[in-house]
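Hello,

I am handing over the structure below, followed by notes on what I found in it. Please read the notes with the structure open beside you.

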Amino acid sequence: MAAHRKPRQRSLSGNTARTAATIALAGAATATGFDGTSHAEPQLTPTQVKAKVDKLYQEAEVATEKYDGAKEKADAAEKKLNTLRDEAARKTEKLNSTREALGYVAAAQYRGGGIDPAVQLMLSDDPEQYLDGAEFADRVGHRQTQAVALVRRQLREIEQLRGAAHIELTSLKSRQAELGRQKKTINGKLDQARRLLSGLTAQQRAQVGDGTAGGTGRASRSSTTARGALDAPGSSAAAADAPNSRAAAAVSYAYQKLGSPYVWGATGPNAFDCSGLVQAAYSSAGVSLPRTTYAQINAGRRVSRSELRPGDLVFFYSGISHVGIYVGDGQMIHAPNPTAPVRLAPIDQMPFAGATRVV
């Protein structure tokens with residue numbers, strides 16, 4: 001039988017080897033292209049960066065309002081907890097005084113020996129004096145009974161206070177956990193925005209990174225505070241057109257704060273977030289407003305856009321996550337975002353959601 005030999009493979013060399021290598025590399029590149037692992041992140045245009053940054057700032061502001069609301073509730077819970085603890089401490093002090101007085105009576109009875117009253121009467125050298133003393137002892141016993149009842153009542157009150165304090169402590173811890181979650185969300189959104197802006201040139205950042213699109217530019221803080229609020233451009237006219245003196249005072253305060261930095265969670269006097277500025281402006285006019293945008297919109301009478309007058313609060317976005325103070329001529333003063341200070345801006349710069357006249 002003829003021997004069946006496996007044909008010997010010829011080695012690749014020269015042009016053949018180069019051709020094979022080229023085909024292999026081309027195939028690898030094609031495969032990589034299909035699975036997308038080698039594609040670099042496409043470079044965003046300044047306009048795309050602005051759109052993404054604006055969205056991140058708006059999402060951060062939603063989280064900021066939730067943070068402000070949680071902080072307001074946490075502060076209230078902490079205040080109530082401290083009040084309950086103080087009241088429990090005062091009642092405990094009274095309880096200790098009552099117990100001390102009760103202890104003196106018990107010690108006196110012990111020293112008297114607790115002998116049966118009939119036996120004491122027979123052994124007494126002066127029965128009449130003894131009977132007088134027995135009547136006094138009966139009155140003491142009645143007061144002792146009252147003291148014991150008082151101790152029991154005080155103990156129940158203290159236990160109730162401690163139970164209420166425990167509930168408030170649980171509420172406070174829950175609010176603090178919510179604060180932590182919202183703070184993490186805010187910082188995450190702001191970090192993403194900063195990373196996007198860092199990829200732009202200084203000129204591009206100046207154009208798209210500070211929210212100037214559609215705005216009227218920033219007013220410097222020195223140009224307003226040095227001369228007073230009513231000397232700022234447009235402030236006198238805005239205050240004069242306000243529906244009342246308190247709205248005028250709020251408008252004047254807002255003009256005075258032009259150029260102040262945006263800091264989320266801040267309520268002044270030197271930095272603000274959007275609802276913090278509104279709250280501080282009306283507080284300066286003697287009007288107390290809630291802390292958050294979604295509570296502030298219900299703090300007065302709703303007005304239409306055509307009815308707006310200086311001092312009215314104007315709200316934006318479907319979630320009511322941004323607010324400004326209307327100052328007339330289609331303009332508002334608001335705290336925009338971390339890259340822009342308190343400034344004048346047109347109210348059509350953002351999606352209009354409603355307006356409220358506080359006073």
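Two strands are said to pair if DSSP finds at least two bridges between them. That rule is needed for the strand section below. The model is predicted.

Overall picture

The protein has ten helices and six strands. Of its 359 residues, 34% are buried. It exposes about 21200 Å², and carbon and sulfur atoms supply 54% of that area. Among contacts with a separation of 6 or more, 67% are between residues 24 or more positions apart.

Strand β6, residues 352-357, pairs with strand β1, residues 301-303, in the antiparallel sense over three bridges. Within that pairing, Arg301 has Arg357 in β6 as its bridge partner. Strand β6 also pairs with strand β2, residues 313-316, again in the antiparallel sense, over four bridges. Here Leu313 stands opposite Thr356, and Phe316 stands opposite Phe352.

Strand β2 has a further antiparallel pairing, with β3, over four bridges. In β3, Ile325 is the bridge partner of Leu313. The hairpin of β2 and β3 has five residues between the strands, and in it Tyr317 takes a positive phi near 75°.

Which way do the residues of β2 point? Leu313 and Phe315 point one way, Val314 and Phe316 point the other way, and all are buried. In a regular strand, side chains alternate between the two faces of the sheet.

Aromatic pairs

A pair of aromatic rings is described by the distance of the centres and the angle of the planes. The count comes to three aromatic pairs. One of them is formed by Tyr67 and Trp264, whose ring centres are 4.8 Å apart and whose planes are at 90°, so the pair is edge-to-face. This pair links distant parts of the chain, with Tyr67 in helix α2 (residues 46-112) and Trp264 in the loop between α8 (245-256) and α9, 197 residues apart. Tyr67 has a relative accessible area of 14% and is buried, the cut-off for buried being under 20%.

Another pair is formed by Phe316 and Phe352: the ring centres are 6.0 Å apart and the planes at 80°, so this pair is edge-to-face. Because Phe316 lies in strand β2 and Phe352 in strand β6, the pair ties together parts that are 36 residues apart in sequence. Arg305 lies over the face of Phe352, at 5.0 Å from the ring centre.

His322

His322 lies in strand β3, residues 322-328. Its relative accessibility is 1%, and so His322 counts as buried. The side chains of His322 and His334 are joined by a polar contact of 2.7 Å. Leaving aside neighbours within four places in sequence, the contacts of His322 include Glu61, Cys274, Thr293 and Met350. Phe316 and Tyr317 are also among the contacts of His322.

Helix α9 and Gln279

How many residues of helix α9 are buried? Nine of the eleven, so this helix (residues 274-284) is largely enclosed by the rest of the structure. The buried residues of α9 include Cys274 and Gln279, and Cys274 is one of the residues in contact with His322. Just after α9, Gly286 takes a positive phi of about 85°.

Gln279 is found in α9 and is buried, with a relative accessible area of 19%. Apart from neighbours within four places in sequence, Gln279 is in contact with Thr267, Leu289, Pro290, Arg291 and Gln296.

Tyr57 and Pro338

Tyr57 lies in helix α2. At 9% relative accessibility, Tyr57 counts as buried. How many residues separate Tyr57 and Pro338 in sequence? They are 281 residues apart in sequence and 8.3 Å apart in space, C-alpha to C-alpha.

Where to begin

Regards

Terms used. Residues are numbered from 1 along each chain as its sequence is written. This is a predicted model: local features need pLDDT of at least 70, side-chain atom pairs count only at pLDDT 80 or more; totals for chains, interfaces and linings use all residues. Side-chain values use heavy atoms; hydrogens and water are left out. Helices (H or I, at least four residues) and strands (E, at least two) are DSSP runs, numbered from the N terminus. Buried means under 20% relative accessible area, exposed over 50%, partly exposed in between (1.4 Å probe, protein chains only). Contact means heavy atoms within 4.5 Å. Accessible areas come from the Shrake-Rupley method with a 1.4 Å probe; for residues, only the protein chains shown count as cover. Rings of Phe, Tyr and Trp (its six-membered ring) pair if their centres lie within 6.5 Å; planes under 30 degrees apart count as stacked, over 60 as edge-to-face and the rest as tilted. A charge sits over a ring if NZ of Lys or CZ of Arg is within 6 Å of the ring centre and within 35 degrees of the ring normal. A polar contact is a pair of N or O atoms within 3.5 Å; within protein, one must be able to donate a hydrogen and the other to accept it, and residues adjacent in sequence count only if both atoms are side-chain atoms.
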